[in-house]
Amino acid sequence: MAARVLGDKQARQLILQHGLTLSDLDRHPEIDIAIDGADEVDADLNLIKGGGGCLTQEKIVAGYASHFIVIADFRKDSTNLGDQWHKGIPIEVIPMAYVPVSRAVTRKFGGMIELRMAVNKAVSGQGPVVTDNGNFILDWKFDRVHKWSEVNTTIKMIPGVVDTGLFINMAERVYFGMQDGSVNVREKPFR
């Protein structure tokens, strides 16, 4: 059995402790199933991910998996994106482009953008969060519900954008852990 870990030292250690094989997409370019969490899930199983800063690598793994399953607690369940998660949609950007990307997104879609700042960085005090890819994260706090597929495509076409934390039409099933210990399952709606 192969597993993929993206910058999470605790998950890596658990994988190795339990005798699983740690691998990568070079050695295993086809993935049977990817299981991950989400910051928010809407009624159509669109996701906001990247609150922890690893959105691009997680999207790559989910995109190459035959099946993408999400496990989240009940607080991540929303009718519309933004109902529960108020920290914005993460956008990974090339560092030199964060100002023009910020302006382009807010000009096109409104809301506001903040450069995500690290707190208590070991080496240099505070500064921008730097992803495993060496990029910055912008958090776009949108002010209304959008057509997320169109927003995702438009933002990704802005020069300097690496990817967004919008996972559109990727999850096929979400398991929500409920407060009473039960589990609710939601399947991808057919349209």
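This is a predicted model: local features need pLDDT of at least 70, side-chain atom pairs count only at pLDDT 80 or more; totals for chains, interfaces and linings use all residues.
## About the model

Residues are numbered from 1 along each chain as its sequence is written, and side-chain values use heavy atoms, leaving out hydrogens and water.

## The open sheet

Four strands line up as E8-E11-E7-E12 in an open, antiparallel sheet. Strands here are DSSP E runs of at least two residues, helices are H or I runs of at least four, and both are numbered from the N terminus; two strands pair if DSSP finds at least two bridges between them. At the edges sit E8 (112–115) and E12 (161–164), each pairing on one side only.

E7 (residues 89–93) and E11 (residues 136–141) share five antiparallel bridges, with Ile91 partnered by Leu138 of E11.

## Helices on the sheet

Helix H2 (residues 55–64) packs on this sheet and touches E7, E11 and E12, where contact means heavy atoms within 4.5 Å. Helix H3 (residues 98–109) packs on the sheet too, touching E7, E8, E11 and E12.

## Around strand E14

E14 (residues 173–177) runs parallel to E6 (residues 65–73), joined by five bridges; Ala72 has Phe176 of E14 as its bridge partner. E14 also pairs with E15 (residues 183–187), this time antiparallel over five bridges, and there Phe176 stands opposite Asn184.

E14 and E15 make a hairpin with five residues between them, and Gly181 in the turn has a positive phi of about 95°.

Notes:
Axes are lines fitted to C-alpha atoms, for helices over the stretch in contact, and angles run from 0 to 180 degrees between N-to-C directions.
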